[in-house]
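Me: I'm new to this one. Can you walk me through it?
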Number of protein chains: 2
Amino acid sequence: MTEKTAARPATRRGPYAKSAQRRAEIVASATAVFAARGYRGGSLREIAKQLDLSLTSVVHHFPSKSELLVAVLENADSASIDSFESDSQGKGVVYAVLRYVRRNLERQEMLRLLALMAAEASAPDHPAHEWFRDRYERVVTAFTTAVRRDQDLGRISNRRHPELIAAALVAMWDGLQLQWLIDPRRDLMAAVSAGLEDLLGAPAVG
Amino acid sequence: MTEKTAARPATRRGPYAKSAQRRAEIVASATAVFAARGYRGGSLREIAKQLDLSLTSVVHHFPSKSELLVAVLENADSASIDSFESDSQGKGVVYAVLRYVRRNLERQEMLRLLALMAAEASAPDHPAHEWFRDRYERVVTAFTTAVRRDQDLGRISNRRHPELIAAALVAMWDGLQLQWLIDPRRDLMAAVSAGLEDLLGAPAVG
């Protein structure tokens, strides 16, 4: 939401800019609260309290807790997928994934929140359930496109259907990130590098 | 805990059996409550209420919420690792993993709980943090042993250090399971099969 406003500089003045800033503050507070208590354990009241705001003021910007959660998730996630797409187009999947992972090393708490929310929201009655189903579809599709392109260019092996590779890659990455969140002594970059090599394979000779 | 009692048939009478049964009931109720609200959102009071017990009675069996959580996790997890070890010894990693995954298809809610708890407990101040760190170490070690054995027997490729393969395998599996929990239309068995083949590789010829 803040990004949309930022893209329209004409409106970044007076009450509009103030409102965008307030929304960003609420999203930041909600990120911390949901990371600490999960979505179900976190409350709008606590999020408001952290900012010294009234509940009414928070509800003015985000009428429901679920709308606020979606804003938190969009904020955590969307920029990364965009840069993955342009990176992989220019320099291939391996480069794009490693760059993405390296960036993630700097935002441990955000990753913890995404992992927590994904697990919570796997339950069909969770308000972010659809969001995560769509998110994984979007991510796996982006990876599939990138893998297919690399196969066509002869950068990697084409022994396996790109969608199966993409799903396995996203899965391995999620899992290695979780292992690293649990034990940061693990070398995430080395683990992802080795796994990428095995899943993507060397290009066929000839 | 119930398993220990079950292994000592002489004590499965009178107050002992009753106490073991009560503990098992509390663990089952806690499993449901933690799965729905996370550990931090769940309370001993709610767990007691579900069973029509007093809080005092729950506390008599589990003096703290964190002790109860560990009992829940042990109950969810330990039997599976044991059978993985004997399966992989007899018939190799691929067979053992696929059998494990197939069993997991029947216990979606338990997997959801484990995924949720692993994400929550990745935070260093979480009461199950050590448990999960140890758990991943135990699982990766068991997989490393199994991969090394298969390499020695020429069942799989030996181009990569067994520990790196083991960590990637556990990660991919965790991630594919999460994708399946979020969208059960995905074919978990097919995805794991393909990923296993790529990560383990065919044995070197000759």
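Reply: One term to begin with: the expected span of a helix is 1.5 Å times one less than its number of residues. Helices (H or I, at least four residues) and strands (E, at least two) are DSSP runs, numbered from the N terminus. This is a predicted model, where local features need pLDDT of at least 70, side-chain atom pairs count only at pLDDT 80 or more, and totals for chains, interfaces and linings use all residues. Residues are numbered from 1 along each chain as its sequence is written, chains are lettered from A and ligands numbered from 1 in the order in which they are written, and side-chain values use heavy atoms, with hydrogens and water left out.

Me: How many residues has helix 8 of chain B, and how far does it reach?
Reply: Helix 8 of chain B covers residues 129-152, which is 24 residues. From first C-alpha to last, helix 8 of chain B reaches 35 Å, close to the 34 Å expected.

Me: What comes just after helix 8 of chain B?
Reply: B:Gly154, with a positive phi of about 75 degrees.

Me: Now chain A. How many helices and strands?
Reply: Nine helices and zero strands in chain A. The C-alpha trace of chain A spans about 65 × 40 × 30 Å along its principal axes.

Me: At what angle do helix 6 and helix 7 of chain A pack?
Reply: About 115 degrees, with the axes of helix 6 (residues 108-121) and helix 7 (residues 129-152) of chain A 9 Å apart. That makes helix 6 of chain A roughly perpendicular to helix 7 of chain A (under 35 degrees is roughly parallel, over 145 roughly antiparallel, 65 to 115 roughly perpendicular, the rest oblique). Axes are lines fitted to C-alpha atoms, for helices over the stretch in contact, and angles run from 0 to 180 degrees between N-to-C directions.

Me: Which residues of helix 6 and helix 7 of chain A meet?
Reply: From helix 6 of chain A, A:Leu114, A:Met117, A:Ala118 and A:Ala121. They meet A:His129, A:Phe132, A:Arg135 and A:Tyr136 in helix 7 of chain A. Contact means heavy atoms within 4.5 Å.

Me: And helix 6 with helix 8 of chain A, at what angle?
Reply: About 120 degrees, with the axes 11 Å apart. Helix 6 and helix 8 of chain A are therefore oblique to each other.

Me: How many residues of chain A are in contact with chain B?
Reply: 41 residues of chain A, with 41 residues of chain B. The area buried between the two chains is about 3,500 Å², and carbon and sulfur atoms give 62% of that. Buried area is the accessible area (1.4 Å probe) that two parts lose on being put together, summed over both.
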